[in-house]
Structures are given as structure tokens and as C-alpha cells.
Amino acid sequence: MDFLKFDAQKCVLCGLCVEGCPFGALTIEGSGIEVNEKCRMCGLCVRRCPEKAIRFEQKARAFDKDVWRNFLIFIEQERGDIHPVAYELIGEARKMAAKVNYEVHCVIVGGNGTYENAKKLLAYGVDKVFVYEHPEFEGFRADCYADAVADCIAANKPSSVLIGATALGRSLAPRLSTRFHTGLTADCTTLDIRPNSDMIQIRPAFGGNIMAQIGITKSRPQFATVRYRVMDKAEKVSNPHGEIVVCPVSEDMARSRIKILASTVINKVKTLEEEDIIVVAGRGARNEKGVELCRALAEALGGQLAFTRPMIENGFGDTAHQIGLSGRTVRPKLIITCGVSGAIQFTSCMTGSECIVAINEDPNAQIFGVANYCLVDDLFQVVPKLTELLQSRKEDE
């Protein structure tokens, strides 16, 4: 590893750095201290060395863009099935791959049933699916999964690696980018690629006031996590041509320092991202009465109630039901905003909705700039009438 430097004149080979490395990355060889690929750059060896003989010296490494080719997508599994974000990543990768004549590859890691899930991916036009299946991969353990995916990256040298910005993906992605000493852009909302294979990763920055375009130009692979429900799902192809590659799993790769003492299956509820109908209570709802009016409308429609960030901060809901940069990104068939001003931090996470209805008494509210139907009126007057109309229609049916 060329980023960790040892001063042979200062080093007395006391072995404290070797003993203190939690990853077993250091050994004493004839020529001095050697560091292997297990190094995680944690810095413990630098701090433990009494002679100050170890230092970090990270430099941009030369690489050949022609060697690092294609897209690699990490396929997350949830409750024995493929997480839907995987199909969105495949769809986006296929669009970019067509511009630079790249292939789209996938890597899937898990316990029993992983191979069967891998076969489902071929119908979506991927070229290869690398399968790491082992009983010890049952249940996500970050160290094992990182070892498996890193093995796949090292063997295939993809130009870009896409990972869903789920709880699992947000744990895995930084571990991988650190191992390969390269960049990671989190929570991307748009992706594109230049003819020279540099991927342009676009995400909101500075509280959503600007859209930052980020490029990883001096290293490979390029890592990006993408939020669920911000991109279009891949379409199935008429003539699948891909292949499945079963990769060997070594005992070291399957061995984890994390021990699962017990596990309990939590009853799955429909998340806000999966909801088709959403009613949003904004600051204009003002109080508990306004929130309850919005809740009644959501129930009448058979959907869920969501909130803007100010409403969450005022204690009306939890972050699982917050729409925005610090909450969730949604793409329902119908979303009705009640008293929402329409700041970009909110609108950037719901503009993919099929139909947007906005209710606000301020005719200059920003939300009207993205809405399909605009109601300039008092939500305390409009929402109860909408709810009453929906309930009466149900009774008639």
C-alpha cells in the first residue's frame, strides 16, 4: 500500500504496530514492516508507534481508464427478495453504458437463495451477475459483505460502482470506497457520464440551495449511492443475454468479527417511498387540528400522511414520514400538499410524482411552480370538503 510510509531509519521493529492492528494488515518481514490489502487506514499504527516511524502519504495514483471499464451494481436483498432500488440502478446504468459502450454487471451477496435471485436480474438486460453465496452471508454483516464486494471489484475493475442509498448501502459504500482509496458521492439524484468515462454525480448541496455536480476524475472506481424512488426502473428486455458467474467464497471472506446473538423479524409496513398516495401537512397546517384534517384526507384516499421538516421539528411526526433532503424521496401516483411553501429541499424529493396537487392560500407560493393542480385557498376550508366528498362517494359505492 503506497499510502502508508515506514521510515526504516527510525523503525526499531518493536512490533507494537503489528500487535495493535485490528485488521491483521501489518507483518514484520526481512526488509521491515509490510502492509497488505487488509489495511483500512484507521491510523492506529501511526498513533501507536513510539518512534514516529509511520506516516500517511496519500497521493493520487496513476491509473488507466481503459483498464477500469463497465458498471458494477451492488444488488441488495431484503427478506429473501431483491430490493426494488436495484432495478432503478440497473435502468440508470444501462442508459449511461450505452453512451460509452460499457457493459452492466451486478454483484449479489447473501445466503441461501441468492443464486435464484441472481437469475431474476438477467431479464433486465444485465451482462453479468457475480454471485457470492454462503450460509455465513445470511443477514447483513458489514465486514463480510465488504470483503465479498471488494473481491469482485478487484477482480473485474469496474469504472463505476452504484449502490442504493438504503441503510445497508450507506453502511457498505464508504467501507468500499475507503478500501480502494477513491471518492464516493452520497445520495445522488441524477447521474450522467462523459465520453472519457468520468461519471457526473449530481446531488443537492448547501441545504438544497444548489445542485452540485461532482466528478471523480483522478481515481477509479467511482462510487455513488442513489436514493430509492428517484430514478426510473429498468425495463425487461425481449432477449436476455447475460450470464451468471458463481464466485468462490473463502473461509476468511465468510468469517466475521460480528456475532449475531439473536434476531427478530419485524413486521414490514408500507414505507413512504412505496406509497402511491400521500397527503403532506406543511407549516400552513399550523396545529394539531390542521394535522388531523390532513390525516383524515389521507385515510379517505387510502394513503399515508407525510410532513415537511418544520412540522417534524415541531413534533407532529417522525423522520420516517418526512419528505425532503433530510427525510425521504417519494414518487407516488398522487401527492397532495397542504400548506407547503415549496422550498427546494422539499420539492427536489417529490417532483417525480405523477400528479401533484397543491393547496396554499399564498398565490406566490413556490409549490405552485411544480404542481399539476393549484388551489389558492385556505386548507382549513378545502381539506374538510375534499374529505367529505371522498367519504360520501365511498358510501354510495
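A polar contact is a pair of N or O atoms within 3.5 Å; within protein, one atom must be able to donate a hydrogen and the other to accept it, and residues adjacent in sequence count only if both atoms are side-chain atoms. The structure above is a predicted model, in which local features need pLDDT of at least 70 and side-chain atom pairs count only at pLDDT 80 or more, while totals for chains, interfaces and linings use all residues. Residues are numbered from 1 along each chain as its sequence is written, and side-chain values use heavy atoms, leaving out hydrogens and water.

**Helix H8**

Let us start with one helix. Helices (H or I, at least four residues) and strands (E, at least two) are DSSP runs, numbered from the N terminus. Asn287 caps the N-terminal end of H8, with a side-chain oxygen 3.2 Å from the backbone nitrogen of Lys289. H8 covers residues 288-301, and its 14 residues reach 20 Å from first C-alpha to last. That is close to the expected 20 Å, where the expected span is 1.5 Å times one less than the number of residues. Just after H8, Gly302 has a positive phi of about 80 degrees.

Which residues of H8 are buried? They are Gly290, Val291, Leu293, Cys294, Leu297, Ala298 and Ala300; buried means under 20% relative accessible area, exposed over 50%, and partly exposed in between (1.4 Å probe, protein chains only). The cover over these residues includes strands S17 (277-281), S18 (304-307) and S19 (334-338), as well as helices H9 (309-313) and H11 (379-396).

**Aromatic rings**

Searching the whole structure gives 4 aromatic pairs. Rings of Phe, Tyr and Trp (its six-membered ring) pair if their centres lie within 6.5 Å; planes under 30 degrees apart count as stacked, over 60 as edge-to-face and the rest as tilted. Here are two of the pairs.

| Pair | Centre distance | Plane angle | Kind |
|---|---|---|---|
| Phe71 and Tyr102 | 6.1 Å | 70 degrees | edge-to-face |
| Tyr87 and Tyr124 | 4.6 Å | 45 degrees | tilted |

Phe71 belongs to strand S5 (residues 71-75) and Tyr102 to the loop between helix H3 (85-100) and strand S8 (104-110), so this pair links parts of the chain 31 residues apart. Phe71 is buried at 0% relative accessibility, and Tyr102 is buried at 10%. In the other pair, Tyr87 lies in helix H3 and Tyr124 in the loop between helix H4 (114-121) and strand S9 (128-133), 37 residues apart in sequence. Tyr87 is buried at 11%, and Tyr124 at 8%. Elsewhere, Phe137, Phe140 and Tyr145 make up one aromatic cluster.

**Around Ser256**

Ser256 sits in the loop between helix H7 (251-254) and S17. With 6% relative accessibility, Ser256 counts as buried. Its side chain makes a polar contact of 2.9 Å with the side chain of Asp143, and also reaches the backbone nitrogen of Ile258 at 2.8 Å.

**Nonpolar cores**

A nonpolar core is a set of buried Ala, Val, Leu, Ile, Met, Phe, Trp, Tyr and Cys residues joined through side-chain atoms within 4.5 Å. The largest one has 35 residues, of which Ile73, Ile75, Ile90, Leu121, Val129, Leu162 and Leu191 touch the most other members. Helix H3 gives the largest share of this core, 9 residues. Apart from this core lies another, of 28 residues, including Trp68, Val109, Val161 and Leu172.

Conventions. Contact = heavy atoms within 4.5 Å.
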